[in-house]
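Here is a brisk report on a single protein chain. Keep the sequence and the structure open while you read.

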Amino acid sequence: WLMAFFGKLFNNSFAMGIIFSTIIVRTIAWPIYAKSNDLSIKMAVAQPEMQRIQAKYATRKDPESQQKMQMEMMGIYKKYGINFMGCLMPFLQMPLFLAMYQVVQRIYLDGGTYAENVSNIKFLGMRLDVAGNMSAIFGQKGDLGGWILAIIVAVTMWYLNHLATKKPSYAKNTASHNPQASQAEQTQKMMKYMQYFMIFMMFSLSLQRNSLALYWVVGNIYSIIQNLI
């Protein structure tokens, strides 16, 4: 309904429906994002102290020392107001994003309740109901413009990941306190590979439908602005 409402306002434009609906849905989800981001910031601030405690008990594996370490770690969590329930916050966004994904995929289909309100499926000279593939070069059904959108999806996704994983200045020089530096480095590498895989997946899915590519471009740009704020 939301997408159809904005589509109808702008000459039945599917693109305008996607853009405004995405902005509104992301804004509704902002408090959930803020809670998740708050946990990340607190963890970054507390990390040096946590690593010092881990180093202190690195060679003391007896139950009493381990219990003391846990107590000291709990003290750090309390000091910085770290609540690990915040880790569950991103999952609360999933129903919204899955619903948006389904609407973008299906709202324009003939016979649908709101199809007429988004019947103008052209955006910057490209059709939003086709795949962005190279066959457009040879005059077949496809849209080369979709490749441009898909590339923008990949670039914005990369930059978003870069912002999310960039260490603040106060968290940069903490490796000396970490008794498991090599393991942490290995985990970081694994996370980086996962991010590259996700970017590739988003790029591939964007080529399936130009409407999806536009949705992710708008969503990624919104998330970048949100992250910078």
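## A nonpolar surface patch

Trp158, Tyr159, Met190, Tyr193, Met194, Tyr196 and Leu228 make up a nonpolar surface patch, together giving about 820 Å² of accessible area. Two elements each supply two or more of these residues: α6 (144–165) and α7 (181–206). The largest share comes from α7, with 4 residues. Met194 is in helix α7. Its relative accessibility is 48%, so Met194 counts as partly exposed.

Some terms need their cut-offs. Patch residues have over 30% relative accessible area and no salt bridge; nonpolar side chains (Val, Leu, Ile, Met, Phe, Trp, Tyr) are joined within 5 Å, like charges within 9 Å. A salt bridge puts a side-chain nitrogen of Lys or Arg within 4 Å of a carboxyl oxygen of Asp or Glu. Accessible areas use the Shrake-Rupley method with a 1.4 Å probe, and for residues only the protein chains shown count as cover. Buried means under 20% relative accessible area, exposed means over 50%, and partly exposed lies in between (1.4 Å probe, protein chains only). Helices (H or I, at least four residues) and strands (E, at least two) are DSSP runs, numbered from the N terminus.

## Basis of the model

This is a predicted model: local features need pLDDT of at least 70, side-chain atom pairs count only at pLDDT 80 or more, and totals for chains, interfaces and linings use all residues. Residues are numbered from 1 along each chain as its sequence is written, and side-chain values use heavy atoms, with hydrogens and water left out.

## Overall build

The protein has 8 helices and 2 strands. From the N terminus, the order is α-α-α-α-α-β-β-α-α-α. Of its 229 residues, 38% count as buried. The protein exposes about 14100 Å², and carbon and sulfur atoms supply 64% of that area.

Contact means heavy atoms within 4.5 Å. Take the contacts between residues at least 6 apart in sequence: 71% of them join residues at least 24 apart.

Which residues of α1 are buried? They are Met3, Ala4, Phe6 and Gly7. Their cover includes α2 and α5.

Asn11 follows α1 and has a positive phi, near 60°. Asn11 sits in the loop between α1 and α2. Asn12 is in that loop between α1 and α2 too. Asn12 also has a positive phi, about 55°, although it is not a glycine. Asn11 counts as exposed because its relative accessibility is 61%. Asn12 has a relative accessible area of 23%, so it is partly exposed.

## The second largest pocket

The second largest pocket holds about 190 Å³ of space. Its lining has 13 residues; Trp1, Leu2, Met3, Val103 and Ile107 lie nearest its centre. The elements giving two or more residues to this lining are α1 (2–9), α2 (14–28) and α5 (89–106). The most come from α5, with 6 residues.

A pocket is an open set of points on a 1 Å grid over the protein atoms alone, where a 1.4 Å probe fits, with protein on both sides within 12 Å along at least five of seven lines; lining residues have an atom within 4 Å of a point. Points are joined across faces, edges and corners, and the volume is the space filled by probe spheres set on them.

## Ser65

Ser65 belongs to helix α4 (residues 63–80). Is Ser65 buried or exposed? At 7% relative accessibility, Ser65 counts as buried. Beyond its neighbours within four places in sequence, Ser65 contacts Tyr57 and Arg60.
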